[in-house]
Amino acid sequence: MAPITDCLKSKSFYWGAEQQESFQLVKDALTTAPVLILSSFDKLFTVDTDASAIGVGAVLSQTCRPVAFFSEKLCPARQKWAAYEQELYAIVRALKQWESYLLHQEFVLCSDNKALQHINTQKNVNRMHVRWLLFLQRFSFTIKHKPGIENKAADALSRKAILLNKLQTDLMGLEHLKDLYAGDDDFSKIWTHCLDTTQFEDYSIMHGFLFKQNLLCIPQSSWRQHLIREVHGGGLAAHLGKDKTLQQLQAKFFWPRLRRDTFRIVDSCPVCQIYKGGAQNTGLYMPLPVPDSIWEDLSMDFVLGLPRTRKGNDSIMVVVDRFSKMGHFISCKKTSNALHIANLFFTEIVRLRTWLTEKHHLGSRRQILKPFLA
Ligand SMILES: [Zn+2]
């Protein structure tokens, strides 16, 4: 299209062989154009981009059929850019164009990956490149090299690289994971497949780590527990509930039975048990079950702050049988601890009720002691 659009700009209208040829090409392209298909969000999108000295172009496709085309003529300033910059610009423009299709899901990007590789090896990137990189990092894509072009892992722009970078600074010794994949029960088979073919189903290897899509695979090791604890209660984590902790883990990591492991560890977290046990008392008040015989169900309370006796007692422990309403009043001290009160209970109450030793022989002592020791 470029020769024809030039006609519109220059003051004099010139139609030469070049324009005619271009016009013919556009005509052919339109009449024989592959019919566009409607996009389906259940299927994988593929973006092909290309750049030449005069313009950039891109195709959004699904199942090898085009969904949309995009092209843009490069202005004279952009025509002077290096080839890798033009390639990158093509990608940025294409993704900008189809942002609404691509932002929420992973897609395949077919491009000259040298462009992406080049910008990653630059020590000083200019502000424009930084803007581009930041923009690209919002997307999740897998780069597929174009046939005939040397394929080197240039997916350093992807979320995997960002995740790895972040984890390596946050977690000490992450490197050791690499040695565990080969002998791991969960991942060893996938690992060998990936070593042969670089990509196996959803799995791929990057910088020696196994990924499932954008999630880092964690082999069977203490790392799993460590990561759960770290996400749940380590550092600045706020001991979030099971579901929130799981959500955070699932955004970064993958291993089979991740849910089960997370729930198990969060359920047994001592901090949560101490500080969040109160949540169990939020129900409505319920009447106590009605006892059906005497001295089976006792209630106990204290009357505190009475004048001190000669023996130093200043309180009364009141024990009432809930069936007969018979009460026992035992003098005690306000400062008595649980052990004292338990002893008092045994010497003053259990002593009177001999059937306790017969009927509730084993375990009764523990049951009685329980409220004191709780
Ligand atoms: Zn916790």
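In which sense, left-handed or right-handed, does H4 pass H7?

A: The model is a predicted one. In it, H4 passes H7 in a left-handed crossing. Helix H4 covers residues 83-97 and helix H7 covers residues 127-136; their axes come within 11 Å and cross at roughly 40°. Angles under 35 degrees count as roughly parallel and 65 to 115 as roughly perpendicular, and H4 and H7 are therefore oblique to each other.

On the H4 side, the contact is made by Tyr 84, Glu 85, Leu 88, Tyr 89, Ile 91, Val 92, Leu 95 and Lys 96. H7 contributes Met 128, His 129, Trp 132, Phe 135 and Leu 136. By class, the contact of H4 with H7 comprises ten nonpolar residues, one polar residue and two charged residues.

For context, the largest nonpolar core has 31 residues, and Tyr 181, Phe 187, Leu 210 and Leu 216 have the most contacts inside it. Apart from that core lies another, of 28 residues, including Leu 95 and Trp 132 as well as Ala 51 and Ala 90. Leu 95 of H4 and Trp 132 of H7 also take part in the helix contact described above.

H12 (residues 242-250) and H13 (residues 258-267) pack at an angle of about 135°, with their axes 10 Å apart. H12 and H13 are likewise oblique to each other, but H12 passes H13 in a right-handed crossing. The contact of H12 with H13 has five nonpolar, three polar and four charged residues.

Key
Residues numbered from 1 in each chain as written. Predicted model: local features only at pLDDT ≥ 70, side-chain atom pairs only at ≥ 80, totals over all residues. Heavy atoms only, no water. Axes fitted to C-alpha atoms, helices over the stretch in contact; angles between N-to-C directions. Helix = DSSP H or I, 4+ residues; strand = E, 2+ residues; numbered from the N terminus. Parallel < 35°, antiparallel > 145°, perpendicular 65-115°, else oblique. Left-handed = near helix turned anticlockwise from the far one by under 90°. Nonpolar A, V, L, I, M, F, W, Y, C, P; charged D, E, K, R; others polar. Core = buried A, V, L, I, M, F, W, Y, C linked by side-chain atoms within 4.5 Å. Buried < 20%, exposed > 50% of the residue type's maximum accessible area, 1.4 Å probe, protein only. Contact = heavy atoms within 4.5 Å.
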